[in-house]
Amino acid sequence: MTDTHIDIIDPASCARELLAAQHIVLTAHTNPDGDAIGSEYALFHALRARGKDVRIVNCDAAPENLSFLDEAAIEVYDSESHDALLAEADLLVAMDFNDIRRVRQMEEAFRSSRARKMVIDHHLDPKPFADVYCSVPDASSTAEIIYDVLAAGEMEITHPVALGMYVGLLTDTGSFRFDRTTPKVHRIAARLLEAGVDPTATYQCIFDDYPIRRTQLLGMIMAGMEQHCGGRVTLLAVTGEMFSRTGTNIEDVENVVNMGLAIRGVEATATLTEFEGQIKVSFRSRGGISVNDIAGRFGGGGHRLAAGATVEDMDMQDLKRAVAAALCEALPAVA
Ligand SMILES: [Mn+2]
């Protein structure tokens with residue numbers, strides 16, 4: 001096995017490995033989103049029901065709008081409480097990410113553990129850090145892959161298992177509208193409703209229960225929207241000052257990037273967010289260009305229509321110019 005080898009496994013092998021382990025730790029990327037938390041939550045409950053010792057340890061807390069999922073299941077990493085757990089587990093499962101740098105302060109404990117390491121994820125271009133990868137870039141969400149894994153392992157879809165997967169599907173498909181919202185996605189959603197998920201209540205918990213400060217922040221962000229290349233590209237910027245003036249933080253800008261695309265004639269957009277001395281750039285495309293490639297130029301990646309990067313050594317104005325130029329240059333010529 002070379003350093004760069006990625007060993008891809010199918011959902012059936014993934015289920016077999018999960019069921020063969022006893023002490024399992026699930027983890028997700030920094031600033032975990034609905035798919036990361038929902039997928040962990042579903043797998044946690046499915047494996048617990050099969051008698052496994054399972055813990056969820058993340059580098060950041062779940063965002064407030066996902067707190068309706070039982071938060072007691074989700075632990076925030078600190079080296080004193082968790083390094084021994086990570087070192088002594090049989091299996092570490094990296095969920096909804098494929099690059100070890102995305103667990104930041106947990107990276108060392110994850111790397112140095114003798115446990116077998118598995119990735120379950122749907123992002124492009126997995127990086128070599130795990131033993132096996134249940135990597136399905138065509139899947140809408142990690143939750144969709146979890147559904148296939150549970151089906152292959154004949155694991156029961158109890159209410160919490162269904163709720164976790166539904167949260168993942170709902171959030172990563174942009175409420176069933178992004179590409180990869182396939183007939184299969186809707187069939188899975190139907191099965192989850194049959195298992196007792198309430199779609200109205202779930203949507204309201206996630207998207208209709210924001211604190212007012214978030215709307216105040218959105219007002220500032222929208223007021224500063226920039227248009228480039230004749231309105232085919234938009235940029236949104238979120239500064240540290242906006243966060244401090246409104247009492248908000250990075251979790252309040254989840255999904256804001258999609259607003260830059262919700263305008264007639266816009267083909268691609270980016271949102272730049274100042275956060276802990278870095279700038280997080282989220283890209284979205286309507287389909288004409290692959291923003292995965294553009295995010296790659298800034299040291300990130302993701303999917304063809306949705307990607308991101310974190311930039312450390314540029315200020316906001318310079319980065320805005322560079323991002324606008326990269327997006328405009330990538331646009332197809334107008335006929
Ligand atoms: Mn995802």
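How do H6 and H8 lie to each other: parallel, perpendicular or oblique? The legends below take up this pair and other views of a predicted model.

**View 1. Helix H6 crosses helix H8.**
H8 covers residues 199–207. The two axes come within 11 Å and cross at roughly 60 degrees. H6 and H8 are therefore oblique to each other. Their crossing is right-handed. On the H6 side, the contact is made by Tyr 166, Val 167, Leu 170 and Thr 171. Thr 202, Tyr 203 and Ile 206 contribute from H8. By class, this contact of H6 with H8 has 5 nonpolar and 2 polar residues, with no charged ones.

**View 2. Helix H2 packs with helix H6.**
H2 spans residues 34–49, and H6 spans residues 159–172. Their axes lie 7 Å apart, at an angle of about 160 degrees. An angle over 145 degrees counts as roughly antiparallel, so H2 and H6 are roughly antiparallel to each other. H2 passes H6 in a left-handed crossing. H2 brings Gly 34, Asp 35, Gly 38, Ser 39, Tyr 41, Ala 42, His 45 and Ala 46 to the contact. These meet Pro 160, Val 161, Gly 164, Met 165, Val 167, Gly 168, Leu 170, Thr 171 and Asp 172 in H6. The contact of H2 with H6 divides into 8 nonpolar, 7 polar and 2 charged residues.

**View 3. Ala 152 in helix H5.**
H5 runs over residues 142–152 and includes Ala 152. Is Ala 152 buried, partly exposed or exposed? Within 10 Å there are 16 other C-beta atoms. Setting aside neighbours within four places in sequence, Ala 152 is in contact with Pro 11, Ala 12 and Ala 15. Ala 330 is 178 residues away along the chain from Ala 152. The C-alpha atoms of Ala 152 and Ala 330 are separated by 41 Å.

**View 4. The whole protein, for orientation.**
The secondary structure comes to 12 helices and 12 strands. Along its principal axes, the C-alpha trace spans about 55 × 45 × 45 Å. The radius of gyration is 20 Å, which agrees with the value near 20 Å for a compact globule with 335 residues. Buried residues make up 44% of the 335. Take the contacts between residues at least 6 apart in sequence: 67% of them join residues at least 24 apart.

How values were computed. Residues are numbered from 1 along each chain as its sequence is written. This is a predicted model: local features need pLDDT of at least 70, side-chain atom pairs count only at pLDDT 80 or more; totals for chains, interfaces and linings use all residues. Axes are lines fitted to C-alpha atoms, for helices over the stretch in contact, and angles run from 0 to 180 degrees between N-to-C directions. Helices (H or I, at least four residues) and strands (E, at least two) are DSSP runs, numbered from the N terminus. Angles under 35 degrees count as roughly parallel, over 145 as roughly antiparallel, 65 to 115 as roughly perpendicular and the rest as oblique. A crossing is left-handed if the near helix is turned anticlockwise from the far one by less than a right angle, and right-handed if clockwise. Two residues are in contact if their C-beta atoms, placed from the backbone, lie within 7 Å. Ala, Val, Leu, Ile, Met, Phe, Trp, Tyr, Cys and Pro count as nonpolar, Asp, Glu, Lys and Arg as charged, and the others, Gly among them, as polar. The radius of gyration is taken over C-alpha atoms; the globule rule is 2.2 Å times the number of residues to the power 0.38. A residue is buried if 20 or more other C-beta atoms lie within 10 Å of its own, exposed if 12 or fewer, and partly exposed in between; C-beta atoms are placed from the backbone.
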